[in-house]
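Have the model open while reading.

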Amino acid sequence: MSGLLYRLGRFAHRRRWWVIAAWLVVLVGMATAAVTLRGTLADTFSVPGTPAQQTIDQLHRSFPAASGGSAQVVVQAPAGHNLLEPDIQREVSAASARLDHLDGVVGALSPYQAKTISGGDHRTGYISIQFVQPDQEVGDATKDRIQHLAGQLRHDGLRAEVGGQAFSSASQVGGTEAIGVVVAVVVLLIVFGSLIPALLPLVTALVGVGIGYLGITALSGAISMNSVAPVLALMIGLAVGIDYALFVVSRHRGQLRAGMPVGESIGRANATAGSAVVFAGTTVFIALAALSVVNIPFLTIMGLAAAGTVIVSVLVAVTLLPALLAVAGRRLDAVPLPILRRRQDRAGGQRGLGARWAGFVTRRRVPVVIAGLIVLGVLAIPAPKLSLGLPDAGAEPAGSGSRAAYELIADNFGPGFNGPLVVAADLRGTAAPAKAALAVRQRLTGKGVTAVAAPTFNADRTTAIITVIPSTGPNEAQTKDLVQRIRDDAGSIHRATGARIGVTGSTALYIDISSRLSAALPVFVLIVVGLSLVLLAFAFRSLLVPVKAAVGFVLSLLAAIGGVVAVYQWGWLAGAFHVAESGWVLSFLPILLIGVLFGLAMDYEVFLVSRMREEHNRHGDPQAAVRTGFRHGARVVTAAALIMISVFAGFVFGDNTTVASMGFALALGVLLDAFLVRMTLVPAVMSLLGRAAWWLPRWLDRILPRVDVEGAPEPDRTPQPVA
């Protein structure tokens, strides 16, 4: 691998302008494809094979009109008035009639027809809209017309808000994400003390993530894609793209300062740091691609989209970056920043912070290990209380129409009205369908139910839809219990009425997805931990180093999940992090966190421990190897981690709760894993293990393939120019 990367670096040096031009062509081509082929991103989730999805598929066949999406126009009369006043009733009824005739709408029931007017003051009601297509397929023209009609009601003095899954705000990049990039630039300036080497990682990262993001956008026209997928790819691609370039530039710059010719230095930097980048990027790719084993389509697409962007970032780091370094030549430090440059030079010396920290950790290794384990253990205490859910309109940005409609319904009708359950009754085996449907309705009443609507029949009366309003909100445990109770009673209902029932609706669907993800978590953890053991055994030819790395990963993972539970489920510091709705954690967040954090944790393990192994192989002193290897890698790993954290943290304060919780989890996970596990516990444990850290049974040594993570490149025997 190192020889191939060496030759690739030398080629990029010789053909620098061709390489740069080729990447520009790819970037322009992807931009063109994105503009011409892009499709519509959705904020809905579905999993084939779940009970709720099976019921939806059944309705598609037997009751197509009831299988589409739905929305509500929530109307509130001014203070001192109510919806029963003749003038207001006339305006609302007229708006309902116009909605009923829109293209793509099966029907619209006014508050007076559907009896959806709040008790007491009668000020609030909602128009129920049923679409022909599922929520994610409702056309923009239809949605714009509904918004326009709601606007007309506002002109008449009423408050009107449009809600429903079709009107949820798609995840997108906002202004706060740029803060992370700004922090990354500051970190790079501090690390290099010079403008050009600080900007090169940012430029190459933007090219890589730009190509990946545009490619995903182009694919959205052919693949049903959730709106979180491109944002996740942007988040991860930007972070790893900057980090990978940082490692290569740091190695090349150090070699230049030692007097190595430019071409030779580029080749050797690509062979050494580039080898580590390829190994690290492959690890992240495998971890993200492994999300497909969960067998949940939207999660598979998210993982593969992010994995593809990581691969592009790796290719950019080992081809475009060497070409740009060749253009810079020996002018790489032509624009120094004097104060930062002096600090950077001192930091890399024998008495730098990294050297002092390594000395402290190895001298106080036992107390350090105990203290680190205590901190991680305390942070992990909330983790077992993890409760999964999926975002509803209550998690929408404050001030959005969907959020306002959600709050109006919850305040005036009850939280369960925002998450109704749809019970589909198959009446084909009954002698009297209408009577059977009414009997089913009667049996659905009980604890945890606020109301049960009258049955709605299809044309041949073989299927009935019965809407059940829970007493609690969509993501509350009592609602999950109610769904399970109805499903558990399906057998007795069939014996008593002859009808076969299924429970669906967005609430039931999200409950099923969360259950599927919860069941997949242990399996995925085992796969990832096993993968880490195998990969690191290949890389370091050791048994204890992989075990130490895997244990550290699990500890940082549990601590990060504990932090997420405390903030997003228990509501601690919710105001500080702009958490709109607490009580649950995004159902696919733990699996995403496992995949991404595993890849990044292995990155830092490789960058730190590979240098320790190199030093140990050189002189055989395990204690000196730990200190020297840590000193050489600490500054770059610290910068890389700070960049990762800043990029992920930039998404925390955005408007979309889904993306914000992902950014928080990843930022916290990297913070704990990089600084507490890799930079503290790893050198302490390696010092404790001594020579045993590198022990490998002879029989295993013979069968393990040799992976040169940061090996020496093939020597180049041609004369090398100075620049």
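Patches are built from residues with over 30% relative accessible area and no salt bridge; like charges are joined within 9 Å, and nonpolar side chains (Val, Leu, Ile, Met, Phe, Trp, Tyr) within 5 Å. Accessible areas come from the Shrake-Rupley method with a 1.4 Å probe, and for residues only the protein chains shown count as cover.

This is a predicted model: local features need pLDDT of at least 70, side-chain atom pairs count only at pLDDT 80 or more, and totals for chains, interfaces and linings use all residues. Residues are numbered from 1 along each chain as its sequence is written, and side-chain values use heavy atoms, with hydrogens and water left out.

**Surface patch and helix α15**

Val-366, Ile-370, Ile-374, Val-378, Ile-381 and Leu-688 make a nonpolar surface patch of about 560 Å². Helix α15 (residues 365–379) gives the most to this patch, with four residues. Ile-370 lies in α15. Helices (H or I, at least four residues) and strands (E, at least two) are DSSP runs, numbered from the N terminus.

**Helix packing**

Axes are lines fitted to C-alpha atoms, for helices over the stretch in contact, and angles run from 0 to 180 degrees between N-to-C directions.

| Helix pair | Angle | Axis separation |
|---|---|---|
| α15 and α21 (residues 544–569) | about 40 degrees | 7 Å |
| α18 (residues 477–488) and α20 (residues 506–540) | about 95 degrees | 10 Å |

Angles under 35 degrees count as roughly parallel, over 145 as roughly antiparallel, 65 to 115 as roughly perpendicular and the rest as oblique. So α15 and α21 are oblique to each other. Leu-373, Leu-376 and Leu-379 of α15 meet Leu-555, Ser-556, Ala-559, Gly-562 and Gly-563 of α21. Contact means heavy atoms within 4.5 Å. By class, this contact has five nonpolar, three polar and no charged residues.

The angle between α18 and α20 makes them roughly perpendicular. Here Thr-479, Lys-480, Val-483 and Arg-487 of α18 meet Thr-507, Ala-508, Ile-511 and Asp-512 of α20. This contact holds three nonpolar, two polar and three charged residues. Ala, Val, Leu, Ile, Met, Phe, Trp, Tyr, Cys and Pro count as nonpolar, Asp, Glu, Lys and Arg as charged, and the others, Gly among them, as polar.

The structure holds 14 salt bridges (a side-chain nitrogen of Lys or Arg within 4 Å of a carboxyl oxygen of Asp or Glu). One of them joins Glu-264 and Arg-10 at 3.5 Å, N to O. Glu-264 is in helix α10 (residues 262–289) and Arg-10 in helix α1 (residues 2–14), 254 residues apart.

Phe-577 sits in the loop between α21 and β11 (585–586). Beyond its neighbours within four places in sequence, Phe-577 contacts Val-567, Val-652, Phe-653 and Phe-664.
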